[in-house]
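Some notes for your review follow. Please read them with the coordinates open.

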Amino acid sequence: EVQLVESGGGLVQAGGSLRLSCAASGFTFDDYAIGWFRQAPGKEREGVSCISSSDGTTYYVDSVKGRFTISNDNAKNTVYLQMNSLKPEDTAVYYCAAALGCASNDFGPWGRGTQVTVSS
């Protein structure tokens, strides 16, 4: 069974930092691209960042460039999202999901996510 479990969310003040973790089981994540997504109340889910297994290339949505960093730990089968200089507009449920590549439209599976709340 393929599972991705997000953790590390919480409540922080604007300007603070969090590190989210995405722990994979049932597959080796370095065979895939792993993306971070977020969904705020009343809004569509959006892609935030992705790391490609093919060449290690990372991608970020413009709104988080320079603030967020995606990385992986192969030994732990875990992908991280380091989030610095958090803003209230970063508040959302954050999800990780896998695909064959970062350009894929078929990310999954979708878990429960982890809540990130940034207060002003």
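1. Start with Ser52. Ser52 lies in the loop between strand 5 (46-51) and strand 6 (58-60). Strands here are DSSP runs (E, at least two residues), numbered from the N terminus. The model is predicted: local features need pLDDT of at least 70, side-chain atom pairs count only at pLDDT 80 or more, and totals for chains, interfaces and linings use all residues. Residues are numbered from 1 along each chain as its sequence is written, and side-chain values use heavy atoms, with hydrogens and water left out.

2. Is Ser52 buried or exposed? Ser52 counts as buried because its relative accessibility is 10%. The cut-offs are under 20% relative accessible area for buried and over 50% for exposed, with partly exposed in between (1.4 Å probe, protein chains only). Ser52 is in contact with Ala33, Thr57, Tyr59 and Cys102, leaving aside neighbours within four places in sequence. Contact means heavy atoms within 4.5 Å.

3. Turn to Thr69, in strand 7 (residues 68-73). Thr69 counts as partly exposed because its relative accessibility is 41%. Not counting residues up to four places away in sequence, Thr69 touches Tyr60, Tyr80, Leu81 and Gln82. Leu20 is 49 residues from Thr69 in sequence, yet the C-alpha to C-alpha distance is 10 Å.

4. Strand 1 runs antiparallel to strand 3 (residues 18-25), joined by five bridges. Pairing requires at least two DSSP bridges between two strands. Opposite Val5 stands Ala23 of strand 3.

Note on methods
Helix = DSSP H or I, 4+ residues; strand = E, 2+ residues; numbered from the N terminus.
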